[in-house]
Amino acid sequence: MTTITTPSISPAKTTPTPPCRAGCTTATQTALTFGKTNITFPMGFTYDSYVTEKDYENTSESYRELLMLKGIVLTDKQVSKWGDMLSPLDTSELSYTKETYKIDCENRAKLTCDTFEYTNTGFNATITASRDVPVFFSIPYENGWSAYVNGEKVDIEKVNVGFMAIRVNAGTNVKIEFKYRTPGLFLGMAITVVCVLLFALYMVLMRTIFKEVPVPLARHNMVLRPLSHYAKKHGAHFENSGLIHVKPRSQTDRALEKKEGFDNDD
């Protein structure tokens, strides 16, 4: 719905409703003020004319926002894509009065989205158009946005010096869906999962490669034989306290002692 109050002061500037991101709960209307004039119409409106960024930059700053009511601001590349459904504006012949402001707002309110609602991931809208039109949303352009028209993904254009618009072909009750996803979110999650898996693999390999190897205890007779040999060679004497009982040497023990150079003294 369009609401217009009679202006009583000179035109100053156009102030749109603060833009909204995915998941926020703001008004579903765009509000424009011009002096004491207050005009609102649903989010998502269309244009039938365009101005180039060069013409926009050459326009006085006090009238640039009013210029965006007359035509959508496009780059030269966007003009080549959307020029078939828009006509160029001659900025040198434009006027910025209370009357023209009212007419411009009424023109923008002629063809707007029929419905508009915010969702947890963005917003949805529907529109009915008898011709191909650019549908403009006063929401800041960001790389995380993606747009779909009747389920098919479409390009989002950065227009009007930082806002979003899409091309919608003629049709009845055309469904528009915008979704926002934080750039790099899934890449960051994937890197985190890979790092956790690599750390777990590292811990398993460390336990496998550097696991503790139990050291077998030496047999009594294999330890005491060298001591007895040392005692005999150096005249030392070890008393048998009865606490250690040495079992007789086996053939294997004798062979090992002979190999190590110990006298085979029984």
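These legends describe close-up views of a predicted model. Local features need pLDDT of at least 70 and side-chain atom pairs count only at pLDDT 80 or more, whereas totals for chains, interfaces and linings use all residues. Residues are numbered from 1 along each chain as its sequence is written, and side-chain values use heavy atoms, with hydrogens and water left out.

**View 1. The largest nonpolar core has 23 residues.** A nonpolar core is a set of buried Ala, Val, Leu, Ile, Met, Phe, Trp, Tyr and Cys residues joined through side-chain atoms within 4.5 Å, where buried means under 20% relative accessible area, exposed over 50% and partly exposed in between (1.4 Å probe, protein chains only). Phe123, Val135, Phe137, Ile166, Ile176 and Phe178 touch the most other members. A second, separate core of 12 residues includes Tyr47, Tyr50, Ile72 and Val79.

**View 2. Aspartate 48 and arginine 108 form a salt bridge, with N to O at 3.7 Å.** A salt bridge is a side-chain nitrogen of Lys or Arg within 4 Å of a carboxyl oxygen of Asp or Glu, and a search of the whole structure finds eight. Aspartate 48 is partly exposed, at 37% relative accessible area, whereas arginine 108 is buried, at 3%.

**View 3. Arginine 64 and glutamate 57 are joined by a salt bridge, their closest N and O atoms being 3.6 Å apart.** Arginine 64 is buried, with a relative accessible area of 16%, while glutamate 57 is partly exposed at 48%.

**View 4. A network of salt bridges links Lys81, Asp155 and Glu157.** Elsewhere, glutamate 177 forms a salt bridge with lysine 179, with the closest N and O atoms 3.7 Å apart.
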